[in-house]
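Open the structure in your viewer and keep the selection tool ready. The stops below go from one selection to the next.

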Amino acid sequence: MELPKFLLGDNTDHPDSIFIVHTEYPRFIINLENDEVEWLEEFSKEDEAELAAEAENLIEAATAFYDREVSRYNDL
């Protein structure tokens, strides 16, 4: 099965939260309510330096994905 790069998720236990799941390396879940990020990978010290540079781009891409999905839903 081929997964999309981003998945949109919600949970009734967290009614105000909007979760975006990034399914490619480095995998993470971001809560758009508070921008909290949970990384689903273990990183070495060398990886952390590269991750710091890439994290901002990935989070911006996740937010753009959400905006696109909402605009498509509103167009229905």
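Select F6 first. In this predicted model, F6 has a relative accessibility of 10% and therefore counts as buried, the cut-off being under 20%.

Keep both side chains displayed and turn to the rings. Across the whole structure, a search finds 4 aromatic pairs. F6 and F65 make up a stacked pair, with 5.5 Å from centre to centre and 25° between the planes. Which parts of the chain does this pair link? F6 belongs to strand β1 (residues 6-9) and F65 to helix α1; the two are 59 residues apart, and the pair links distant parts of the chain.

Next, switch to a cartoon view and select the strands. They form an open sheet of 4 strands in the order β1-β2-β3-β4, and the pairing is antiparallel. At the edges are β1 and β4, each of which pairs on one side only. From one strand to the next, the twist averages 20°. As background, strands of a sheet pair through backbone hydrogen bonds, in either a parallel or an antiparallel way.

Zoom in on β1 and its partner, strand β2 (residues 19-22). The two run antiparallel and are joined by 4 bridges. To see residues facing each other here, select L8: opposite it stands I20 in β2.

Bring the helix back into view. How does α1 lie relative to the strands? The helix lies across β1, β2, β3 (28-31) and β4, and runs at about 60° to β1.

For the next selection, take Y25, F28, W39 and F43. These four residues form one aromatic cluster. Show their rings together to view the cluster as a unit.

The last stop is E41, in the loop between β4 (36-39) and α1 (45-74). Is E41 buried or exposed? Its relative accessibility is 19%, and because the cut-off for buried is under 20%, E41 counts as buried.

Display the surroundings of E41. Leaving aside residues up to four places away in sequence, E41 touches Y25, P26 and R27. One of these, R27, also has a polar contact with E41: their side chains are joined at 2.8 Å.

Technical notes:
Residues are numbered from 1 along each chain as its sequence is written. This is a predicted model: local features need pLDDT of at least 70, side-chain atom pairs count only at pLDDT 80 or more; totals for chains, interfaces and linings use all residues. Side-chain values use heavy atoms; hydrogens and water are left out. Buried means under 20% relative accessible area, exposed over 50%, partly exposed in between (1.4 Å probe, protein chains only). A polar contact is a pair of N or O atoms within 3.5 Å; within protein, one must be able to donate a hydrogen and the other to accept it, and residues adjacent in sequence count only if both atoms are side-chain atoms. Contact means heavy atoms within 4.5 Å. Rings of Phe, Tyr and Trp (its six-membered ring) pair if their centres lie within 6.5 Å; planes under 30 degrees apart count as stacked, over 60 as edge-to-face and the rest as tilted. Two strands pair if DSSP finds at least two bridges between them. Axes are lines fitted to C-alpha atoms, for helices over the stretch in contact, and angles run from 0 to 180 degrees between N-to-C directions.
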